[in-house]
2 protein chains.
Amino acid sequence: MRSLLSLQQKLLPDMLEVMNKRYRVLRQLRLMQPIGRRSLANSLDITERVLRSEVTFLKDQGLLEMSIQGMHLTEEGEQLLMELEPVMNEVSGLDNLEERLKEALNIPEVFIVPGDSDDTPWVKKEMGRAAVGRLKKFQLTRRVIAVTGGTTLAGVADMMIPSSDMEGTLFVPARGGLGEQVENQANTICAKMARKAHTDYRLLHVPDQLSEEAYQSLIEEPGVKDLLGIIKSAGIVIHGIGEAKTMAQRRKSTLDVIDKIEQEHAVAEAFGYYFNQSGEVVHKVKTIGLQLEDLERSELVIAVAGGRSKAKAIEAYLKTGIQSILVTDEGAAKALLEGTSL
Amino acid sequence: MRSLLSLQQKLLPDMLEVMNKRYRVLRQLRLMQPIGRRSLANSLDITERVLRSEVTFLKDQGLLEMSIQGMHLTEEGEQLLMELEPVMNEVSGLDNLEERLKEALNIPEVFIVPGDSDDTPWVKKEMGRAAVGRLKKFQLTRRVIAVTGGTTLAGVADMMIPSSDMEGTLFVPARGGLGEQVENQANTICAKMARKAHTDYRLLHVPDQLSEEAYQSLIEEPGVKDLLGIIKSAGIVIHGIGEAKTMAQRRKSTLDVIDKIEQEHAVAEAFGYYFNQSGEVVHKVKTIGLQLEDLERSELVIAVAGGRSKAKAIEAYLKTGIQSILVTDEGAAKALLEGTSL
DNA sequence: CTAAGCGGGACATAATACGTCTCAGTTAGG
DNA sequence: CCTAACTGAGACGTATTATGTCCCGCTTAG
């Protein structure tokens, strides 16, 4: 027996299209509210008039409200949108995609949000929302959560919301300075996340370039040593995955590091480690904090990365065999499946 | 979490209307195929042009085909329609109605088809289809199925289809001549059903008016006696329910019988028995065949009756306490609930 | 042989959707 | 304090679609 949705797909395909359109409007509005018609129409790449018809309808349905500052979802709209998410994933076949990816990559869970973060930047925020959603499914009281840097993780931080069962949760950066820009540093993101979640955080300040002696004396420093112990015991890790070359360049690595990365055919990067196509570590940024081995003791590892351009990197990283939940987007998911199964 | 349908009702309020319209078109087409646009539009009480739009759409979806003889459902259309049935019942609240009726009438199962056979005659065929559907859920090989007469049962016969697990099944008329017209006699219907099911049948020829002596000698006749035994052992009974007065008149009963029926306030009739409002037998047509007591030994009794005008009769009959599956229509179901629960 | 029923084509009209522009009010940033 | 950018709302002509109402050539049952 087919599902109701698949019956409807045959009997009312045009209706499902409309449904999708309205869903997209609501979803985009949630991301940008409060916002006006013209800007929203622009984001959705539809004309103002079309959006206007939809918006008028949705307003009449009590799902959104107009005000002089722009439109915003009502309580009911938020609720509906939340309930709609799994349905629309099934409609657009993302459900199916998730299953196939889980199989192909041999990992416990995959979550895909619609869109491609290469083309449309706000998809990162949707991934962030999804990642936060997954996180919330776990027991979080008095837990240590280690996070990395990167624009994707910044998206996760944006979408963090406080909740009662995050009492006593502590956010820490996974590893010390990796040479990122301030807004994408693990420290910054860690602090932002904790602030949004209304919980505590600890920061790890490590200068970028450090002599061996200074390094040794630093990790013996009481405050640092304590924190390092906490970080290494983190039960939950949320991290991004990057392309090796891009990351090396963004971090202004020295020429010989870039050369090494190139010669060893590194394709992926995650929390300071560089991996080749087979998932083998080919380079490691020397800094203190969480090490690859520590991941095996973590109960929950969430990897967040999207955009078709990152497909190869995601694939390579997951070949390490780390049992990680993957939160990605449609663009990356499709590219991954084309690369692996074909 | 709300159901998909209630989410859709918020997001596409007119969807259910469209869905219902297309469903009705398919359902009516199944009943009347092959048929042309104009006749079909007439049956559905919509204009030709509107039907035409729907039909064109459904054709494009591969659910029906056009030919010079008229339109007909494709394999896929049949399949979809079948799967759609429970969904639409839920949508139109018939699901709910069934539950309430089951409770109110204290019987094991109730099936309701949309419509009212008082207004639209083809609803009888839908009841027929439903009854056949219920029947098929039972183990039928080498079983004896007793059937009665009446226009409703004629509808059941129309919808009978052969199936592999009806091998060795034997159809018999429940009771001898009750004075009906030929096309509505139990014998005729019995034969038709068996022919449609590709199985065997036996007929019971009993003259309408019979002296006591002739009656006695008839039931001693070897062929008749054998058959009577078979009939009385029937494990499955399918019968209609009629209004007492209407039935008495249609059968051209004698005046004193009609008087008796009237004086005893008979309201319902089933296989030759007349019942008052409390479900008590007030008159019985004298003929051979299945008796009321025999019903208690049957494993499956299916009563088929619809139309709001028959509500009182159905209610009265079911008060006998016979554990019967009821197949009825929306009109009768609503009238029943108004009569009993209010 | 004929009358009824079939699908398909056609067309004017009504209803709806859409693109485009205007306007007055609000607000954020200089 | 001012202005530039943004807000919702209104308006209006034009496509596009939906609908009612024909007609035509064909097949088929009676």
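This is a predicted model: local features need pLDDT of at least 70, side-chain atom pairs count only at pLDDT 80 or more; totals for chains, interfaces and linings use all residues.
Reader: What makes something a pocket here, and how much space lies in the largest pocket?

Author: On a 1 Å grid over the protein atoms alone, a pocket is an open set of points where a 1.4 Å probe fits, with protein on both sides within 12 Å along at least five of seven lines. The largest pocket holds about 890 Å³, a volume being the space filled by probe spheres set on the points.

Reader: Which residues line the largest pocket closest to its centre?

Author: Lining residues have an atom within 4 Å of a point. There are 29 of them, and Glu85(A), Arg129(A), Ala130(A), Gly133(A) and Arg134(A) are the closest to the centre. H7(A) gives the most, with eight residues; helices here are DSSP runs (H or I, at least four residues).

Reader: Why is the second largest pocket said to lie between domains?

Author: Because domain 1 (2–92) and domain 2 (94–338) of chain B both give residues to the lining, the second largest pocket lies between them. Those bounds come from an automatic or database domain assignment. About 750 Å³ of space lies in that pocket, and H5(B) supplies the largest share of its lining, eight residues.

Reader: How do you know that chain A can be laid on chain B?

Author: A turn of 173° and a shift of 0.7 Å along the axis do it, with an RMSD of 0.5 Å. As for contacts (heavy atoms within 4.5 Å), 93% of the contact residues of chain A recur in chain B, so the same surface serves both copies.

Reader: Why is Leu295(B) called buried?

Author: Buried means under 20% relative accessible area, using a 1.4 Å probe and protein chains only. Leu295(B) has 3%, so it counts as buried. Leaving aside neighbours within four places in sequence, Leu295(B) is in contact with residues including Phe271(B), Tyr317(B) and Ile322(B).

Notes
Residues are numbered from 1 along each chain as its sequence is written. Chains are lettered from A and ligands numbered from 1 in the order in which they are written. Side-chain values use heavy atoms; hydrogens and water are left out. Helices (H or I, at least four residues) and strands (E, at least two) are DSSP runs, numbered from the N terminus. Copies are superposed by least squares on the C-alpha atoms of residues with pLDDT of at least 70 in both. Buried means under 20% relative accessible area, exposed over 50%, partly exposed in between (1.4 Å probe, protein chains only).
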